[in-house]
Amino acid sequence: MKETDILKALSHVQEPDLGKDLVTLDMIRNISIDGNNVRFTLVLTTPACPLKEMLRKNCEDAIHNHVNKDAFVQIDFDAHTTSNRKDAMHLLAGVKNIIAVVSGKGGVGKSTVAANLALALAENGAAVGLMDADIYGPSVPIMFGVRGQRPMMREVNGKGMIVPLEKYGIQLMSIGLLIDEKDAVVWRGPMASSAIKQFVTDVDWGQLDYLVIDMPPGTGDIHLTLLQTVPVTGVVIVTTPQTVALADAKKGIAMFSQAQVNVPIIGLVENMAYFTPAELPNNKYYLFGKEGGKKLAEEYELPFLGQIPIVQTIREGGDNGLPAMVSNDSITQEAFRNISNIAIRNIAIKNAKAVATADVLMK
């Protein structure tokens, strides 16, 4: 067996999302051959790649079918998370992808989705941060059990920077970590927008594959400030199935689809999609209507990321500082993993197409 034989065989293996073979995409590295033993490194587009095992099997099959049916194939995995940032990288220079989680209205579980999406991304080794940009209603301190804790400071290139807290393997920052939770944030729009800018300019996020931003509900100053400050890779829209929530979700879709904004929508999540009582695990009760979010995604031709059921443990875990992804709720965990998998695949496809997010010029 020769290295050229291995590369020729692996050129038959397609990366299904990117539509090209692994050799053309330069995803095969460090080939070594010793008799019937073949070893190489497969470089994934993200540590959280959901296609990892499928690609492993396809590579093994390709070598067995095209080179040596008796070969012992050992595949090492590495990851280089793709990015499509075209800015000067003055801000958040170490962050490859920025995901904004938004909703048209409050009360649809946006913060729960943002928190568990971040945890699901980190589960397979991605470096992830979670920025709580909901200035008036910060949820991160409660949801992650860090109430009362304060971030430290350190000097970076001669400037004092805030160091995010770390919990469950992800970096956290929230206005709720900087002020007493008993104090109301009574700020006008410019002050709130200034706080968001500080979360970008004065926080040492370090090297991240994904920064998930839990946005405030609605479409206002903070959203525009963020979009004008950093290159957002894309947005995840959260809604519940009922008509009143869908109407507001449409406003969010419209905002990010405007020519002046033109930020890609990674997909739509339908939260509180149905209720299944623990004593009747095979029953589904559609308390807020059936598949409203899914139908909305189809109407606007958006990727549908999935449904999250109403589960008592989600609420309990959020109140107790134990999000679903680090609890014992396997059903909800699987739902969030599926949402995360589709989201990162959509991001990888977007990055591969090399379509940069346009500058946001709205005032």
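The expected span of a helix is taken as 1.5 Å times one less than its number of residues, with helices (H or I, at least four residues) and strands (E, at least two) being DSSP runs numbered from the N terminus. The model is a predicted one, where local features need pLDDT of at least 70, side-chain atom pairs count only at pLDDT 80 or more, and totals for chains, interfaces and linings use all residues. Residues are numbered from 1 along each chain as its sequence is written, and side-chain values use heavy atoms, with hydrogens and water left out.

Helix α7 (residues 243-257) has 15 residues, so it should span 21 Å, and its end C-alpha atoms do sit 21 Å apart. Buried here (under 20% relative accessible area; exposed is over 50%, partly exposed in between; 1.4 Å probe, protein chains only) are A245, L246, D248, A249, G252, I253, M255 and F256. Down the axis of α7, these fall within an arc of 165° and so line one face of the helix, the arc being that of the directions from the helix axis to the C-beta atoms. The face turned away from that buried side carries the exposed T243, V244 and K251. The buried residues of α7 pack against β6 (95-102), α6 (221-229), β13 (234-239), β14 (265-270) and α8 (292-299), contact meaning heavy atoms within 4.5 Å.

N157, not a glycine, has a positive phi of about 55°; it is found in the loop between β8 (152-156) and β9 (159-163) and is exposed, at 81% relative accessible area. M272 also has a positive phi, near 55°, in the loop between β14 and α8, but M272 is partly exposed, at 24%.
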